[in-house]
Amino acid sequence: MERALLCVHCLGVNATEPQLTFLGNPSFKCGACGNLVLHPMSRARAITYLVFLGIGMIGAVLGWLDGRMTFPGIGILVIYALGRDVRLRRELQAAEARFALLRERNDPPQT
Ligand SMILES: [Zn+2]
């Protein structure tokens with residue numbers, strides 16, 4: 001589905017269908033500046049990741065109590081994905097704020 005997506009680099013608006021990355025972030029190549037733009041994942045996906053992380057941590061604790069050392073491979077990937085998502089969300093919010101400011105300046109509200 002085509003969406004209007006804001007480029008965090010040049011504030012260009014791209015009407016495009018984003019590709020999902022391996023970790024589930026929508027990504028697209030900006031038509032104006034040519035940069036690859038990553039957007040934060042959907043809330044539903046972030047919540048799913050958190051649930052997986054919770055289950056994984058419970059599993060790890062149960063393993064430790066049982067005297068087993070479990071290797072948190074997938075957990076590290078999930079923590080990385082969520083950490084990066086927080087950064088992407090902030091980046092996009094900052095870009096949206098700049099974009100709104102820019103529009104206000106170029107197109108002042110009629111009084
Ligand atoms: Zn751009």
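Mentor: The mean pLDDT of the protein (the predictor's confidence in each residue, from 0 to 100) is 91, and 95% of its residues reach 70 or more. This is a predicted model, in which local features need pLDDT of at least 70, side-chain atom pairs count only at pLDDT 80 or more, and totals for chains, interfaces and linings use all residues. Residues are numbered from 1 along each chain as its sequence is written.

The elements run β-β-β-β-β-α-α from the N terminus; helices (H or I, at least four residues) and strands (E, at least two) are DSSP runs, numbered from that end. Helix 2, residues 73-106, has 34 residues and spans 49 Å from its first C-alpha to its last. That is close to the 50 Å expected at 1.5 Å a residue, the expected span being 1.5 Å times one less than the number of residues. Helix 2 lies largely in the open, because the number buried among its 34 residues is one. Buried means 20 or more other C-beta atoms within 10 Å of the residue's own, exposed means 12 or fewer, and partly exposed is in between, with C-beta atoms placed from the backbone.

In the protein as a whole, 10% of the 111 residues count as buried. The radius of gyration, taken over C-alpha atoms, is 19 Å, whereas a compact globule of 111 residues would have one near 13 Å; the globule rule is 2.2 Å times the number of residues to the power 0.38. Along the principal axes, the C-alpha atoms fill a box of roughly 70 × 30 × 20 Å.
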